[in-house]
Structure formats: C-alpha cells, structure tokens
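This briefing is meant to be read beside the sequence and the structure. Please look at both before turning to the points below.

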Amino acid sequence: MIKRQVIRGAVFVAMMTMMVTSCGRDEAEEAERLCDSVEKAVVSGDTLTALSLVDTLNQKFPKQVAMRKRAKKIELGILIDQQRASKQEAETALDGLRNAFNESACQFYFEKNEKYQSEGRYLSVKQKTENVLNRNVLRPVVTEQGDLQIEGILRGSNLKAECFAVSKRNGEAVSSDTVREGNAFNYVWSDGERGNRTILFRDTTRNEAIADFVALNEKEVISVTYRSTQNDGKLVYPLTETEKKAMREAVDLARKLQALRKAEQVIRVADKKIEVYQGSLMFLEANDEKEKEKL
C-alpha cells in the first residue's frame, strides 16, 4: 500500500514538472510572438499599435525579461523618433513665428530694469510714460513670455480702485480681476503735486477678453469704470483712440509671442526627452554586450 502511494506521488510530481515546464515554454513562445508583432507594427508604420503591444507584453509576461528588454528597445526607438518629429515641426514653424512677432513688435518698445525686474515687458510706443503724463490711462503690457497684463494709472483720484470694466453704451461689458487695496500690484505714489495710483492686472485670460472686446468694438464709444470693493464710489472715463488701438495691437502681439514661446518650449522638451530616451537605450545595449561577453 505504501509502495503504491510512493509510486503515485512520484508520478504526480513528474506530471507537475512537465506541466510547469510546458507552461513556461508556452509563455516564452507567446511572449516572443508578441514581440515579433511589435516589430511588424513598427515596420508597417503603426507605432500606436506597437506601443500598445509593448504595454500588453509587460503586463502579461512580467517574468519574460529577455523579450521585455527587446520590446523596450523598440519602444525607446519609437519615442525618440516621435520627439525628433515634434522638434522638427516646431523648428520648421519657428522662423515664421519670429517674423510675425517682429513685424508686430515694431509698434512697441521694450523695457526692463535689470535691478528690479526678472522679466521685461513690451508697451505701445504711443503710451510711453512721457505721452501719458497728467491723465488717466489704461495701457496693455505684454511680458517676455507672452502674458497680457493691463496697467491702470489713475491721476489725482482718491478712489481706492481695485477693479475695472470696459463697456459700451448698450451696457455690454467685460470686467477685470480684482487687485485688492494694499496689494503689491496696487499702490499709491506721488508725483510731487498729487497722489496717484497704479494697478497691474495680471489675469491673462480676463485681459485677453477685455482686449478682444475693445478691438471688436473699436469704432464705438467705450468707457472704463473703476470700482472699489469698499463701496467708496467709482471713476468713469472714455477710452481714447490711442488706448483702443494699443489694446488691439497688444493682444495680437501677446498671442504671436505665446505661439513663439510654445514652439521654443516644444524644442527644449524634445531635446531633453531625446537625451533621456537615448541614455536608456544605450544602457540596455551596454547590458546586452556584457551578457554576450559572459557567454
């Protein structure tokens, strides 16, 4: 009886060993077939399918290291090619974007105080400080990164202004963000004769909406109304033709500069990614060489 049990046990172990060996062999073969499919997808130009198959291989066969390394090399090659294509597209567009920006920038002057400013800004040549003395002015500012800001300068007003809106006679209006009294971007200063206030509105989305509104209705009477959250009144005056034109030209310049900066960013990111992917690929290839030397 005992002898039969020993024999049965031995047979069971042998069968399990054969099954495990067979499963391992089948898994390796299936992983290799999947890797072959990855290569075929690349050859046919279907990189999306190839990348999807690489993910499937990694998830389904985590123990098949050799095939996963082989697939990883293919994946890295695809990623490098994609970044090179992205970089090439941005570089092709770069000259056109620069020319478009430079053509519009001739209507602006650039100012930057290296001591106090980390980023310079573009302002309309028609709104230089000497041209807007002794009066209220709403002037757009385009930063070096293409953000559109709006600077409001109030002369001799006691209003604790914190926000403004531009409006047409029919009541249609667009409002700015609120810059609270005492904020670093809402400050009072003296020119020696009277108190003045400068407010810098930095919400690019709102500012672009304001500039678009002004540009769309440039031939109409547009008023700017300053208000305070402290309910101490309001200040209303009509925008001048110079202010309207500056708004239209500034939003155009901002968008051209944004497009230029985006293309430059695409190139920088692509270069960094290519460097990382190539480093990973070189690492895998170096390991393969070491493995060959051991054999």
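Helices (H or I, at least four residues) and strands (E, at least two) are DSSP runs, numbered from the N terminus. The model is predicted, so local features need pLDDT of at least 70 and side-chain atom pairs count only at pLDDT 80 or more, whereas totals for chains, interfaces and linings use all residues. Residues are numbered from 1 along each chain as its sequence is written, and side-chain values use heavy atoms, with hydrogens and water left out.

- Leaving aside neighbours within four places in sequence, Ser167 is in contact (heavy atoms within 4.5 Å) with Glu172, Ala173, Phe213, Val221, Ile222 and Ser223.
- Lys168 lies in the loop between β5 and β6 and is also buried, with a relative accessible area of 13%.
- Residues up to four places away in sequence not being counted, Lys168 touches Phe213, Asn217, Glu220 and Val221.

**The sheet**

- Four strands form an open sheet in the order β6-β5-β9-β10, with antiparallel pairing, where two strands pair if DSSP finds at least two bridges between them.
- At the edges stand β6 (173–175) and β10 (234–238), each with a single partner strand, so one side of each is left without a neighbour in the sheet.
- Strand β9 (residues 223–227) runs antiparallel to β10 and is joined to it by 5 bridges, and the bridge partner of Ser223 in β10 is Pro238.
- Helix α4 (residues 204–216) lies across β5 (163–167) and β6, running at about 155 degrees to β6; axes are lines fitted to C-alpha atoms, for helices over the stretch in contact, and angles run from 0 to 180 degrees between N-to-C directions.

- Helix α2 (residues 47–60) has 14 residues and reaches 20 Å from its first C-alpha to its last, close to the 20 Å expected at 1.5 Å a residue, the expected span being 1.5 Å times one less than the number of residues.
- The buried residues of α2 are Ala50, Leu51, Leu53, Val54 and Leu57.
- These residues cover an arc of only 160 degrees around the axis, which puts them on the same side of α2; the arc is that of the directions from the helix axis to the C-beta atoms.
- On the other side of α2, Leu48 and Gln59 are exposed.
- Helix α3 (residues 65–105) bends by about 35 degrees at Leu94, the bend at a residue being the angle between axes fitted to the seven residues ending there and the seven starting there.

Conventions
Buried means under 20% relative accessible area, exposed over 50%, partly exposed in between (1.4 Å probe, protein chains only).
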